[in-house]
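Me: I'd like to go through this one and ask where the labels come from. Can you show me the chain?

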Amino acid sequence: MTSVHNSQRCPIVGLYGIPGCGKSHLLSKLKTQLGEEKYVYHEESKVIGTVPAGDLAGFRAYREQAIRNIRKNPKHGCVTVVTGHFMFWEPTQPMGKIGFWEQDTARKGPCPPVDHIRAWQKVEKAELRRLCHEHRIIFSLLGAHQDAANLIGSVWHHDEDSNLRLAKHHLREALGGNLSGKTVLMLDADKTLCSQNTGELWWRMYRQHYPSDESDESNESDDSDKSDVSDESDGSDGRECPLRRLFNGPLGYSYAAFRQAVFLYEEAADDQKFDEICEGVASNVNVHPEFINLLWHVFDDTCVKAVVVTSGIRLVWEKVLTREGLSDNIKVVGGGRIKDTFVVTPTVKGALVDYLRKTLEAKVWAFGASRMDLGMLRNADQAFVVVGEEANRSTTMDEALMDEFTNDKFQPKQVLLPVTSSPRLDTKVLPITTLDRQMFLDLLFRGSKRVTVSEATDTDASRVLTTPTRNPSISGPALQNAHRDAGRYLALAYLPNVVGIEDYSILHVQGHQVTGYRLQGQHHTSIIALMRGGEPLARGIYDYLPGAAFIHAKVPDDVCHGHLQNQKTVILADWVIDSGQTVAKFLRHIRKLTPDVGIIVVAGVVQGRSIAKLSPLQALVRYGDLTIALRKSDNEYKSEGETETGNRLYNTLHLP
């Protein structure tokens, strides 16, 4: 059992446990593993024996003097490791034998009964945890899966100043390059990017998978004030989430509390278990689609960068971004494990915004949802309060926001996610905006990239080619041929300017070799026909790319990694792109499989709304991507029944 007191001048680590549990053995092992250059070791038990039996006052006097000596005369700049006794057994029951006690020849007196020892351990753990938290001392149970040397080594020169330096370093690495004059989106994670709390989900899943592992004392309730616990809410099993208990205790939302949260995770699970649970949590996180679209907009933008800064679990959010195909360019700054080396507190969030603005000379747009984000929101150039459904949002944020409005420079806006959520406060005080609002986009993406669309709407060729496709009397093979003709035209008229052409040797009709030309890179191209409506169009494109791979796909999962392996270009073909949702799902899936492949979307008809700013399709565009359309339409009529494209192409209206 390990209790850690972190002092900037002299960190002290106390190793506590009942007599005979192996503290002296552990101390000796630590000397070998950690050495004595940066560590000083003290063993209380060697002096305990000199105190007369039953002389409790003598023991207390010794312990107080020992603590004073350790604090007064530390080896400069070193961590002090000391074994300690918290409470002693009074014999009230018949004797038994257990563990080290029987083997320890230096120990005087009989071994206590087993039941007494277990009760003793339980009380000592609970009381030590309570007292440590009251005195802002970090506490951890030392489990069999934990490396004591690594645990103790984590306190080496770890204080709030070093924590902030490390956080700034990780922020610079996450954003990379020169940020002067650029805009950085700094996004909180839990309750902001999604309506869920991943910490609460982690502990719920941990209890489900490892119900026998969780210590009794981590579930004990206390009388702490629970006025603001929406960020650390209870699990579905009714038991209190350890994070809720921690942050509503004496430590509050302090640096020590967030460090303590790290030790709770270390106490609960080794690296493998931790990773497995994080994977499970990430698979259950539902990111607001508005944020997915926004992040795809800035994915490789040269003027706007984005970073997720979380006080929760870094690994969970890295897995979420990986699942969404965003992890290459959108990084996470956060902790959760000792090896992360730092924690993100509310103070750190605010300081990172200041660092970006004042030192790195970037503009910061901050997105947060709770009072923990207020420092970040207050210091940003533009602040956005994400407001979720009332049942899931912070209960104290309204009052905290009103306190902040005494600062005339603090003029945040609120974003309702989902849009059906009721707003916070008076909307005149806290105006509502949306992530796809024109003013929002113009301000954010001023001078930035836009989707590239090539469309033949006003050409004579388009007028001729679209005529049979709009005639309801034409269906079946005749309509398929019309769609195929459109595919041939778009491939010949537009693809050479995109993929280029290459020369190759052909035999001339007069019998000698001459140079011929064809579309370039066809052997590294995959044509994906979105079924059913995109198949004939894709066939027309295929006529001019006969060396390409041809793939039928009804849903994104129909496209696998093997279809795209070693490919440089993917052509998605669908006859009608309505809202853009279907194509966006394919784009996201392809990006996840092969992030660097170039994608060309070819369609017969593209609705104007599908390529509007912050539409699902545009949100996934990268440099080099292109949408080619035979015709652009602002008519939002949705075909169905006998006018539905698939039914007309294959005469399937009569089929159920």
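Me: Between which elements does the loop that holds T192 run?

Reply: T192 belongs to the loop between β6 (183-187) and α8 (198-209). Helices (H or I, at least four residues) and strands (E, at least two) are DSSP runs, numbered from the N terminus. A quick word on the source: this is a predicted model, where local features need pLDDT of at least 70, side-chain atom pairs count only at pLDDT 80 or more, and totals for chains, interfaces and linings use all residues. Residues are numbered from 1 along each chain as its sequence is written, and side-chain values use heavy atoms, with hydrogens and water left out.

Me: Why is T192 called buried?

Reply: Its relative accessible area is 0%. Buried means under 20%, exposed over 50% and partly exposed in between (1.4 Å probe, protein chains only), so T192 counts as buried.

Me: Which residues does T192 touch?

Reply: Leaving out residues up to four places away in sequence, T192 touches H288, F291, F367, G368, A369, D373 and V386. Contact here means heavy atoms within 4.5 Å.

Me: And what makes H169 partly exposed?

Reply: H169, which lies in helix α7, has a relative accessible area of 34%. That value sits between the cut-offs of 20% and 50%, so H169 is partly exposed. H169 is also 9.8 Å from V333, C-alpha to C-alpha, though the two are 164 residues apart in sequence.

Me: Why are α7 and α14 called oblique to each other?

Reply: The axes of α7 (residues 160-175) and α14 (residues 346-359) come within 10 Å and cross at roughly 55 degrees. Axes are lines fitted to C-alpha atoms, for helices over the stretch in contact, and angles run from 0 to 180 degrees between N-to-C directions. Under 35 degrees is roughly parallel, over 145 roughly antiparallel, 65 to 115 roughly perpendicular and the rest oblique, so this pair is oblique.

Me: Which residues meet where α7 and α14 come together?

Reply: N163, L164, A167, K168, L171, R172 and L175 in α7 meet V348, A351, L352, Y355 and L356 in α14.

Me: What makes β8 and β12 edge strands?

Reply: Seven strands form an open sheet in the order β8-β7-β6-β9-β10-β11-β12, with parallel pairing. β8 (331-335) and β12 (432-433) each have a single partner strand, so one side of each is left without a neighbour in the sheet.

Me: How do you know that β7 and β8 pair?

Reply: Four bridges join β7 (residues 304-313) to β8. Pairing requires that DSSP finds at least two bridges between the strands, so β7 and β8 qualify. Within that pair, I313 stands opposite G335 in β8.

Me: Which strands are at the edges of the six-stranded sheet?

Reply: That open sheet runs β13-β20-β19-β18-β16-β17, and its pairing is parallel. β13 (453-455) and β17 (549-553) are the edge strands, as each pairs on one side only. Neighbouring strands are turned by 20 degrees against each other on average, direction ignored. At the β17 end, β16 (residues 525-530) pairs with β17 in the parallel sense over five bridges, and A529 stands opposite H552.

Me: What makes β2 mostly covered?

Reply: Four of the five residues in β2 (residues 12-16) are buried. Five bridges join β2 to β4 (residues 79-84), and the two run parallel, with V13 opposite V81 in β4.
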